Protein chains: 4
Amino acid sequence: MSSEVSDRDNALFEAGIKLGALYHQFVGTPVNLDTVDELERTIESCISLQPYVKEVSVHIDLEIIRQNLNRFGYCELTGRMLNVHLVVVMGSTQVTARLEYDAELEYPLMRVEEISG
Amino acid sequence: MSSEVSDRDNALFEAGIKLGALYHQFVGTPVNLDTVDELERTIESCISLQPYVKEVSVHIDLEIIRQNLNRFGYCELTGRMLNVHLVVVMGSTQVTARLEYDAELEYPLMRVEEISG
Amino acid sequence: MSSEVSDRDNALFEAGIKLGALYHQFVGTPVNLDTVDELERTIESCISLQPYVKEVSVHIDLEIIRQNLNRFGYCELTGRMLNVHLVVVMGSTQVTARLEYDAELEYPLMRVEEISG
Amino acid sequence: MSSEVSDRDNALFEAGIKLGALYHQFVGTPVNLDTVDELERTIESCISLQPYVKEVSVHIDLEIIRQNLNRFGYCELTGRMLNVHLVVVMGSTQVTARLEYDAELEYPLMRVEEISG
């Protein structure tokens, strides 16, 4: 059975696009405790430009940065450090999604948290 | 009204993740007519490793490569060149999605083509 | 004839690393006129963390952004927009390098501008 | 004291560009033991397109892949896995450079191995 693509379907698809894009655009970026706030705000600004994004907040784990600082005083942004909260709206549907490291799976898991409207 | 997240919802979300990831991982890669086939196959292999991907085929436009070759004989992979067909399966739901440059929008559009099951 | 690797040699090598890294880390990032300043400062901060960087200034061309805005009101960072001035110091040698689009070559050219010390 | 930019200087600068570019373009790419050979060859092909590259060989550490496989059977390419040997030629100067993880520094170190001609 095939079916029409609804606002809900598209909102979910768009939420996935944003998290996949964010992850693969910014992983590898040099970061330390002095620059982490600025990097968080800039990732938020960049992703907010993409269509249908209502809200995005990026939190990078300070403790994991601290543990990974190399002898030059910085490390690279990795999936393990990232906690992203994203809200996408399409028509009357709002999707809330999250990227968060799952310690049990050892995986930067992206998941749908809520669908409303 | 909030609601449960179904297989269909997750399949759509996962399809978006894969296209967003592919785009932002590989855009910027040096390519020319001699290496384009190999690059297409490698992008397919890499994205196929990600969960729930049933099928992915990548086509890079030879004519746009040709037009964009610099004096050193190559160019960079851009969204304008990419045509990607992706099938994601989650439970009994199958989602077919595409990334294709939309000349009218001047935008590398990602869209859901079909949802079945 | 082989030869020792001097501070001058290493400074030049390091300058190249930084420009290659900057380019391939950030090309593809969504940007528009509202976010361009923030993105410039963040790229500068990130690259400044890498070893031996004394100074880096990033300028993104506003006119090219304007010309490339898609219907959603943003575009992607490309090599054509980037003008980067970098100073690397190693021992007593200072290397000044630049990344700038060369319209004649149609190429985002990286070049050594000055070596001193 | 300022000075002219020689072939040797430019060869070193270009070698740095290639390693910085390779690293930040491909880190984050999904990989496992089935796809690692293909990914190595493709990275080599892509970087070989860039100007002045005479030779590049990429080796990704199988043991580190094995240790980092997630429950979905793959991992991401990281600096820790990469061993790259690069030869750049400019005029009569040949530079050999390497990217290799330095366990003591806990850093994916790029260094000049030899300069000849």
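1. In this predicted model, helix H1 (residues 7-26) of chain A and helix H1 (residues 7-26) of chain B have axes that come within 6 Å and cross at roughly 35°. The crossing of H1(A) and H1(B) is right-handed.

2. On the chain A side of that contact, H1(A) contributes Arg8(A), Asp9(A), Leu12(A), Phe13(A), Ala15(A), Gly16(A), Ile17(A), Leu19(A), Gly20(A), Ala21(A), His24(A) and Gln25(A). On the chain B side, H1(B) contributes Arg8(B), Asp9(B), Leu12(B), Phe13(B), Ala15(B), Gly16(B), Ile17(B), Leu19(B), Gly20(B), Ala21(B), His24(B) and Gln25(B). Sorted by class, the contact of H1(A) with H1(B) has 12 nonpolar, 8 polar and 4 charged residues.

3. Taken along the principal axes, a box of roughly 55 × 30 × 20 Å is filled by the C-alpha atoms of chain A.

4. The next points concern chains D and C. Their contact takes 30 residues from chain D and 30 residues from chain C. About 2300 Å² is buried between chain D and chain C, and carbon and sulfur atoms give 57% of that area. Asp9(D), Phe13(D) and His24(D) supply 26% of the area that chain D buries against chain C, which is more than any other three residues.

5. Between chain D and chain C the count of salt bridges is 2. One pairing is that of Arg8(D) with Asp9(C), a salt bridge whose closest N and O atoms are 2.6 Å apart. For polar contact, the count between chain D and chain C is 8 residue pairs, with both residues at pLDDT 80 or more.

6. Which elements of chain D each supply at least two residues of the side that touches chain C? They are strand S1 (2-3), helix H1 (7-26) and strand S7 (107-116) of chain D. H1(D) gives the most to this side, with 14 residues.

7. By class, the side of chain D that touches chain C is made up of 14 nonpolar, 10 polar and 6 charged residues. Among the residues of chain D already named, Asp9(D), Phe13(D) and His24(D) are the three that together supply 26% of the area chain D buries against chain C.

Notes
Residues are numbered from 1 along each chain as its sequence is written. Chains are lettered from A and ligands numbered from 1 in the order in which they are written. This is a predicted model: local features need pLDDT of at least 70, side-chain atom pairs count only at pLDDT 80 or more; totals for chains, interfaces and linings use all residues. Side-chain values use heavy atoms; hydrogens and water are left out. Contact means heavy atoms within 4.5 Å. Buried area is the accessible area (1.4 Å probe) that two parts lose on being put together, summed over both. A salt bridge is a side-chain nitrogen of Lys or Arg within 4 Å of a carboxyl oxygen of Asp or Glu. A polar contact is a pair of N or O atoms within 3.5 Å; within protein, one must be able to donate a hydrogen and the other to accept it, and residues adjacent in sequence count only if both atoms are side-chain atoms. Helices (H or I, at least four residues) and strands (E, at least two) are DSSP runs, numbered from the N terminus. Ala, Val, Leu, Ile, Met, Phe, Trp, Tyr, Cys and Pro count as nonpolar, Asp, Glu, Lys and Arg as charged, and the others, Gly among them, as polar. Axes are lines fitted to C-alpha atoms, for helices over the stretch in contact, and angles run from 0 to 180 degrees between N-to-C directions. A crossing is left-handed if the near helix is turned anticlockwise from the far one by less than a right angle, and right-handed if clockwise.
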